[in-house]
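Please keep the sequence and the coordinates at hand while reading.

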Amino acid sequence: RKTDEVVAMVDELLRLARAGNVSRGPSALGAVAAAVLEQFEAEVIGSDARVTLQIAEVAVNVGEVPLREVLQNLLQNSLKYRAPDRPLELVMSATVDEELVRLQVRDNGVGMSGVVARHAHEPFFRASFDRDVPGSGLGLAIVHRIATAHGGSLQVESTESVGTTVVVSLPLWTPRLSG
């Protein structure tokens, strides 16, 4: 068991290291989000969660592999930190703002304090309430590193016992005109 834990930690560290690599798109945000949701379909159904995708087809200038990594981490966090007393309601949406696409993932999970939310993207950061929850503490650090490596950002807003909203800003794909 300990060997498996060490192997999993090394894998997570490698994912964090690779997250700083820039991989350009275009990647279809809606299609990748739908594929990630399908990947977690059994867990979503098994947890009686309701997931809503409100993402129009928009292309981001991020490769499909890192984009998939962002979406997987955000969906996993919502599933992992769902409230025990109510079904998970998760909404994934995206808006275009000038040269950025703002991917928003909002859930009604356990939430966290503002202090914890400010540190949630730091590598290995674990809040006191989630010490017994499986994981490495690298998921949001990977999302943050991917977003910033591509010229975007990560914001985490949360309220204890209400839920969490994560906003990842990513560059919009704008094809160059050839002449």
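In which sense, parallel or antiparallel, do β5 and strand β7 (residues 163-171) pair, and over how many bridges? In this predicted model, β5 and β7 pair in the antiparallel sense, and eight bridges connect them. The protein chain that holds them has six helices and seven strands, and its elements run α-β-α-α-β-β-α-β-β-α-α-β-β when read from the N terminus. Of its 179 residues, 45% count as buried, and among contacts between residues at least 6 apart in sequence, 70% join residues at least 24 apart.

**The sheet**

- Five strands form an open sheet, in which the order is β2-β4-β5-β7-β6 and the pairing is mixed.
- The edges are taken by β2 (50-54) and β6 (153-159), each of which pairs on one side only, and the twist from one strand to the next averages 15 degrees.
- As background, strands of a sheet pair through backbone hydrogen bonds, in either a parallel or an antiparallel arrangement.

**Strand β5 and its partners**

- Strand β4 (residues 89-97) pairs with β5 in the antiparallel sense over eight bridges, and these two strands form a hairpin with two residues between them.
- Strand β5 (residues 100-107) has a covered face made of V101, L103, V105 and D107, whereas its uncovered face consists of L100, R102, Q104 and R106.

- The buried residues of α6 are G139, L140, A141, I142, V143, I146 and A147, and α6 is followed by G151, a residue whose phi is positive, near 85 degrees.

**Helix α4 against α2**

- Two packed helices are described by the angle between their axes and by the distance between the axes.
- Helix α2 (residues 29-39) and helix α4 (residues 64-80) pack at an angle of about 50 degrees, and their axes lie 9 Å apart.
- The two helices are therefore oblique to each other, and α2 passes α4 in a right-handed crossing.
- On the α2 side the contact involves L29, V32, A33, A35, V36, L37 and Q39, which meet E64, L67, R68, L71, Q72 and L75 of α4.
- Sorted by class, the residues of this contact of α2 with α4 divide into nine nonpolar, two polar and two charged.

**Helix α4 against α6**

- Helices α4 and α6 pack at an angle of about 145 degrees, with their axes 9 Å apart, and their crossing is left-handed.
- The contact is made by P66, E69, V70, N73, L74 and N77 from α4 together with G139, L140, I142, V143 and I146 from α6.
- By class, the contact of α4 with α6 has seven nonpolar, three polar and one charged residues.
- G139, L140, I142, V143 and I146, which α6 contributes to this contact, are also listed among the buried residues of α6.

**Loop residues with positive phi**

- Most residues other than glycine have a negative phi.
- D48 is a residue other than glycine with a positive phi, near 60 degrees, and its place is in the loop between α3 (41-46) and β2.
- Because its relative accessibility is 55%, D48 counts as exposed.
- E98 has a positive phi of about 55 degrees although it is not a glycine, and this residue sits in the loop between β4 and β5.
- At 74% relative accessibility, E98 counts as exposed.

Note on methods
Residues are numbered from 1 along each chain as its sequence is written. This is a predicted model: local features need pLDDT of at least 70, side-chain atom pairs count only at pLDDT 80 or more; totals for chains, interfaces and linings use all residues. Side-chain values use heavy atoms; hydrogens and water are left out. Axes are lines fitted to C-alpha atoms, for helices over the stretch in contact, and angles run from 0 to 180 degrees between N-to-C directions. Helices (H or I, at least four residues) and strands (E, at least two) are DSSP runs, numbered from the N terminus. Angles under 35 degrees count as roughly parallel, over 145 as roughly antiparallel, 65 to 115 as roughly perpendicular and the rest as oblique. A crossing is left-handed if the near helix is turned anticlockwise from the far one by less than a right angle, and right-handed if clockwise. Contact means heavy atoms within 4.5 Å. Ala, Val, Leu, Ile, Met, Phe, Trp, Tyr, Cys and Pro count as nonpolar, Asp, Glu, Lys and Arg as charged, and the others, Gly among them, as polar. Buried means under 20% relative accessible area, exposed over 50%, partly exposed in between (1.4 Å probe, protein chains only). Two strands pair if DSSP finds at least two bridges between them.
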